[in-house]
Amino acid sequence: MIGLDMTGWGGVFKDGSSMDKDEAILESTKASKRKQEEFETNKANVVKKNNLYRSNIPVANWLPKHVCQEFSNRIWTMHIKPWNVNASKFVQAMGNTRRKYGTNGEVELKVMDAFFVRIDLGKYSDPEHLWRLFLKMFPQLLHDAKMLIELPKVNEEDSEVEDKFWAKRGM
């Protein structure tokens with residue numbers, strides 16, 4: 001039976017091969033695991049590259065894509081399942097929100113800070129639901145964020161004023 005497929009997954013072994021079906025399945029599983037690890041490593045490298053690129057851009061000049069990547073990074077560090085920003089409609093929705101309210105990256109980052117302080121992340125496991133909630137709460141948080149940006153920080157006393165400002169709003 002030379003050349004007969006004895007593995008069930010396309011591998012072809014000749015008679016006298018020391019590899020049996022179980023060993024072939026084990027090898028296939030190991031190969032799949034290696035490929036998954038390579039994929040995750042490459043994905044982590046892309047995230048690092050994006051973060052490095054984004055760190056060289058002033059926050060006020062961030063594009064909606066950059067704001068969405070920051071959002072993704074924050075939920076990723078909060079142990080919510082991995083999620084690809086570009087595969088969702090978040091970037092497009094963030095761009096529409098930016099046009100509607102006339103914001104920039106700096107304001108959106110402050111709104112994001114307020115959002116993550118206000119919500120209980122333990123309730124959420126779906127990143128799609130979380131970004132939709134963020135955009136739904138955006139108008140509510142926008143006013144406070146704009147006021148906070150306009151507060152000049154000169155010394156520690158001003159920092160206390162900022163803390164009181166957010167405490168009054170329950171954040």
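**The whole chain**

Please note at the outset that this is a predicted model. Display the chain as a cartoon: six helices and zero strands are present. Followed along the sequence, the pattern reads α-α-α-α-α-α. Then switch to a surface display. The chain exposes about 11500 Å², of which carbon and sulfur atoms supply 54%. Of its 171 residues, 33% count as buried. Among contacts between residues at least 6 apart in sequence, 58% join residues at least 24 apart.

**The nonpolar core**

Return to the cartoon and select Phe71, Phe90, Met94, Val111, Phe115 and Phe134. The largest nonpolar core has 28 residues, and these six touch the most other members. Helix 2, helix 3, helix 4 and helix 5 are the elements that each give two or more residues to this core. Which helix provides the largest share of this core? Helix 5 does, with 10 residues. As a general background, nonpolar side chains in soluble globular proteins tend to be buried together.

Now centre the view on valine 111. Apart from neighbours within four places in sequence, valine 111 is in contact with Phe134, Phe138, Leu141, Leu142 and Ala145.

**Helix 4**

Next, select residues 105–118, which form helix 4. Helix 4 has 14 residues and reaches 20 Å from its first C-alpha to its last, close to the 20 Å expected at 1.5 Å a residue. Colour its buried residues: Gly105, Val107, Glu108, Leu109, Val111, Met112, Ala114, Phe115 and Phe116.

Asparagine 104 caps the N-terminal end of helix 4, with a side-chain oxygen 3.0 Å from the backbone nitrogen of glutamate 106.

**Arginine 98**

Is arginine 98 buried or exposed? Arginine 98 is buried, because its relative accessible area is 15%, and buried means under 20%. Show the residues around arginine 98: not counting those up to four places away in sequence, arginine 98 touches Trp62, Leu63, Pro64, Val67, Thr103, Asn104, Gly105 and Glu108.

**The salt-bridge network**

The next stop concerns charged side chains. Side chains of opposite charge can pair when their charged atoms come close. The structure holds four salt bridges. Select Glu70, Arg74 and Asp113, which are linked in a network of salt bridges.

Begin with glutamate 70 and arginine 74. Their salt bridge has its closest N and O atoms 3.0 Å apart. Why are glutamate 70 and arginine 74 separated by about one helical turn? The reason is that they are four residues apart in helix 2 (residues 64–77). In general, an α-helix has 3.6 residues a turn, so residues three or four places apart point the same way. Both glutamate 70 and arginine 74 are buried.

The side chains of arginine 74 and aspartate 113 meet in a salt bridge, at 2.7 Å from N to O. Arginine 74 lies in helix 2 and aspartate 113 in helix 4, so the pair ties together parts that are 39 residues apart in sequence. Arginine 74 counts as buried because its relative accessibility is 17%, whereas aspartate 113, at 30%, counts as partly exposed. Display the surroundings of arginine 74 as well: leaving aside neighbours within four places in sequence, arginine 74 is in contact with Leu109, Met112, Asp113 and Phe116.

For the last stop, select residues 127–150, which form helix 5. Here arginine 132 forms a salt bridge with glutamate 128, and the closest N and O atoms are 3.7 Å apart. The two residues both lie in helix 5, four residues apart, or about one turn of the helix. Glutamate 128 counts as partly exposed, because its relative accessibility is 23%.

Terms used. Residues numbered from 1 in each chain as written. Predicted model: local features only at pLDDT ≥ 70, side-chain atom pairs only at ≥ 80, totals over all residues. Heavy atoms only, no water. Buried < 20%, exposed > 50% of the residue type's maximum accessible area, 1.4 Å probe, protein only. Expected span 1.5 Å × (residues − 1). Polar contact = N/O pair within 3.5 Å; in protein donor to acceptor, adjacent residues only side chain to side chain. Contact = heavy atoms within 4.5 Å. Core = buried A, V, L, I, M, F, W, Y, C linked by side-chain atoms within 4.5 Å. Areas by Shrake-Rupley, 256 points an atom, 1.4 Å probe, with all protein chains shown as cover.
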